[in-house]
Amino acid sequence: MKQRTPIKGVLLALACLCVFKSAWADKSEATRMIAEIMEMTRYSEDYTGVSAIDSAVLEAMREIDRSAYVPKESRAFAFANRPLGIGHGQTISQPFIVALMTHLLNVQGTDTVLEIGTGSGYQTAVLAKLAAEVYTIEIVEALAKSAAALLQERGFANVSIRTGDGWFGWEEHSPFDKIMVTAVAPKLPPKLVDQIKVGGVMVLPVGEYDGYQELMLVKKVSDTDIEQRIVLPVRFVPMTGEAAQYD
């Protein structure tokens, strides 16, 4: 006699299949996003000097569900290669810029990283996938609280968030191996330069709030000397707080 499959087993199999299809759909969106990042990286190589984004960066971005870090009304565009508003006059950067800045930072698994401008927490999550510890500062209290809750919910135990003015950094935990700034500063923030380890790097946009801006890579070669390289023209929201007086 042919043995019949118990109904519970059928329901479980269907449930597993649905989860698999849902996960596959999410991954397919991420895969398209990664393909666009790779294409734009090749297109911009003459500017950036970067021919390919590090595979660890791309894998981190493939694994993170970007749709969780944007408002519900924008989730249809979550994986598009474009910036999206997250409220309070702030944005989540386009995936190519996230990938490029993270690649330039060259985050290692033993690194302690400082991020200025937590926003929704997406860039923070990418950094947390790669670094040992991430300290991140957000000047908008509502964003800091929502990002902290989301990152905790998603299991990022190596992230510390506080509300504050990123211009001054987070001196108690310095020096940092790497620093990333996700809002344009009118000049290099001196406190952040002080808080980079010798041999460490910082990537940030520098320029006019309503004018020309450039992505800059800064390497600290000694206690008193830095090297700077302009990467490409960019457009970021302004760094507020203390930074605004220098614009």
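What percentage of the 247 residues in the protein chain is buried? A few friendly notes follow.

1. Buried residues, meaning those under 20% relative accessible area with a 1.4 Å probe and protein chains only, make up 48% of the chain. This is a predicted model, in which local features need pLDDT of at least 70, side-chain atom pairs count only at pLDDT 80 or more, and totals for chains, interfaces and linings use all residues. Residues are numbered from 1 along each chain as its sequence is written, and side-chain values use heavy atoms, with hydrogens and water left out.

2. The protein chain has seven helices and nine strands (DSSP runs: H or I of at least four residues for helices, E of at least two for strands, numbered from the N terminus). Of its contacts (heavy atoms within 4.5 Å) with a separation of 6 or more, 55% join residues 24 or more positions apart.

3. Helix 5, residues 122-130, is mostly covered, with eight of its nine residues buried. Threonine 124 lies in this helix and counts as buried because its relative accessibility is 0%. Leaving aside residues up to four places away in sequence, threonine 124 touches Glu115, Thr118, Val134, Thr136, Leu151 and Val159.

4. Beyond residues up to four places away in sequence, the contacts of methionine 202 include Leu105, Ile179, Val181 and Met216.

Terms used: Buried < 20%, exposed > 50% of the residue type's maximum accessible area, 1.4 Å probe, protein only.
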